[in-house]
Amino acid sequence: MTQFGFKTETTAGVTVTPDKFLPILDGESLDRTDPIMESEAMWAGRKVRPMEATNGGLIEVGGSTPFELSTIGATSLFRHMFGGKSTTGSGTYTHVFVPATLAGLSATLQVGVNMDGTVIPKTVSGAKVASWAIGGEEGAFLTLGIDWLAQRLQVGSRSVSDGVTTNLSATLGSAAADFTAADIGKDVSGTGIATGAYITDVADDGSSATMSAAASADGTGLTVVIGKALASASYPSGIAYYKMHHATLKIDNVSVPLKGFEVTGDYALVRNYRGGSRFSSEIKEDGDTERTYGGTLNLEYLTNAQVDRYFAGAPFDLEIVATHGADSVTIAGYGRYDASLTPMATRSRVMTDAPFRLFGDTTDASGLTVTVVNSDSSAD
């Protein structure tokens, strides 16, 4: 059994226990890269670079999570995709998402990886959405794909019962833990250990580790959890999925037959390293680079209306709505086509892919709004 859970963090980068769960598709790729730095200095008489000339570099964490777009359960993901949200209603709730700052907004993600019947937790902290895509094609479910940048990733969890702490000291002792360098970056929790603390260094003999925060009490024989345990998965009751035949398209409030589509958001996120740690602090947006929203419409060529818009460089209002019973997702934006839609001769149906970019207008500087109507009471 493989599982995926997530939760919005109270403090960016401080791991929390996931309490929202969604089925996940094949293709999840959350990973941690520990690059090796190699000195360029020359060593007399050496034909092969010595191991002493190498050391660990800055750690990179990120990857993708692919889903089928569900009617409920994914609402909080939209908040992380946009930053701005408002929720109204009761019983049936309306959540409106608009582009806003991502500062202070991050999530803990956890994947349960099935290892021959044993499910191993892979936990990512300080995760922010770097890009996303919502799309669909004829005869298929709609999909939601998210690319993340994050601060830390840890795999597995274990517990020891001989932990030793000293008040105001960041040293954690344990003979049973047998700490190794592989523990660096893992959470530690127990009595007197600060919430959100993780291991920053380990002793050569494995008998102790340095924590990111000092203990608040003396303690011996403490039960200490190293890593983040697998959360218990519980899926939303009544979850269903949008399909392509649930989706419709309007251009300037006129219905246009839609065969498939993809709407994307791309954010210029950058890792934020500081002295004293190989791990990034809170991921930031590059202030010199704007977000970009756009995508592609797959249309059957029936009239010249869309080609004429492209040739005229005419902007338009775009609205894609997917409806499943009382639930819906509405993607609304203002943009223009940015590549040719000219039809090509064929023996079959004449189709055209219509790439577009979304921009702000005089009444809506965001350029894109997503409205989700469902029974989720919160987008937090």
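This is a predicted model: local features need pLDDT of at least 70, side-chain atom pairs count only at pLDDT 80 or more; totals for chains, interfaces and linings use all residues.
Colleague: What makes you say that β25 and β26 are joined, and do they run parallel or antiparallel?

Modeller: Residues are numbered from 1 along each chain as its sequence is written, and side-chain values use heavy atoms, with hydrogens and water left out. Two strands pair if DSSP finds at least two bridges between them, and nine bridges join β25 to β26 (residues 327-337), so these antiparallel strands meet the definition. One of the bridges links Val321 with its partner Thr330 in β26. In the hairpin of these strands, two residues lie between β25 and β26, and Gly325 takes a positive phi near 60 degrees.

Colleague: How do you know that β19 pairs with β25?

Modeller: Strand β19 (residues 247-251) and strand β25 (residues 316-324) share five bridges in the antiparallel sense, so the pair passes the requirement of at least two. Lys250, for example, has Glu319 of β25 as its bridge partner.

Colleague: What makes up the secondary structure of the chain?

Modeller: There are two helices and 28 strands, where helices (H or I, at least four residues) and strands (E, at least two) are DSSP runs numbered from the N terminus.

Colleague: Why is Asp178 called partly exposed?

Modeller: Buried means under 20% relative accessible area, exposed means over 50%, and partly exposed lies in between (1.4 Å probe, protein chains only). Asp178 has a relative accessible area of 48%, so it is partly exposed. Asp178 sits in the loop between β14 (171-173) and β15 (188-189), and its phi is positive, about 45 degrees, although it is not a glycine. Most residues other than glycine have a negative phi.

Colleague: How many residues does the chain have, and what share of them is buried?

Modeller: The chain has 380 residues, and 45% of them are buried. Along its principal axes, the C-alpha trace spans about 75 × 60 × 45 Å.
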